[in-house]
Amino acid sequence: MTAAQAATLEALGETLVPGARQAGISHFVDQQISIPAEEALLEARILNVRPPYANFYHAALGAVDRASAALNGGRAFAQLGESEQRSLVDSMRQNKIEGWQGPAGPFVYLLLRSDAVDVVYGTMEGYAALGIPYMPHIAPTKRW
């Protein structure tokens, strides 16, 4: 994953689920796309995205940045203010971005939001933040 893609993923993850940047969403996705597809913990695997999963993430993040640039004077998603990011994500979720080029916006929203939820809340710290007793046979034991 390039630095620009990581910046987009971090900004997008943070917009979808506050805390995703700090929880390491870009590290999580980057690590998971580098392992065999059958071992990946990504939502892409659950939703039957065709491996290699890196292709989907590159296309999705590219689509987000292209849409952002078209709607916001050439600025990438990570360069937008918080309200602009939320507005773009809301439009993406509703499939209301004219000229969107990439995997379907609502599908990108669903998949990346699920990954962000997993990275924020699928850890011991995440369980504690929710007040749920940690059960090691259910949740991973490390942060990404």
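Mentor: Let's take the spot where helices α3 and α7 come together. Keep in mind that this is a predicted model.

First, get your bearings. Helix α3 covers residues 25–32, while α7 covers residues 105–121. Their axes sit 10 Å apart, and the two helices pack at an angle of about 110°. That angle makes α3 roughly perpendicular to α7, because anything from 65 to 115 degrees counts that way. So who touches whom? On the α3 side you'll find Ile 25, Phe 28 and Val 29, and they meet Leu 112, Asp 115, Ala 116 and Val 119 of α7. Sort these by class and you get six nonpolar residues, one charged and no polar ones.

Now zoom in on Phe 28, one of the α3 residues in this contact. Its relative accessibility is 2%, so Phe 28 counts as buried, the cut-off being under 20%. Across the way is Asp 115, one of the α7 residues in the contact. Phe 28 and Asp 115 are 87 residues apart along the chain, yet their C-alpha atoms are separated by 8.8 Å.

While you're on α7, have a look at Ser 114, which also lies in that helix. Ser 114 has 17% relative accessibility, so this one counts as buried too, by that under-20% cut-off. And where does its side chain go? The side chain of Ser 114 reaches the backbone oxygen of Leu 110, at 2.9 Å.

Terms used. Residues numbered from 1 in each chain as written. Predicted model: local features only at pLDDT ≥ 70, side-chain atom pairs only at ≥ 80, totals over all residues. Heavy atoms only, no water. Helix = DSSP H or I, 4+ residues; strand = E, 2+ residues; numbered from the N terminus. Buried < 20%, exposed > 50% of the residue type's maximum accessible area, 1.4 Å probe, protein only. Polar contact = N/O pair within 3.5 Å; in protein donor to acceptor, adjacent residues only side chain to side chain. Axes fitted to C-alpha atoms, helices over the stretch in contact; angles between N-to-C directions. Parallel < 35°, antiparallel > 145°, perpendicular 65-115°, else oblique. Contact = heavy atoms within 4.5 Å. Nonpolar A, V, L, I, M, F, W, Y, C, P; charged D, E, K, R; others polar.
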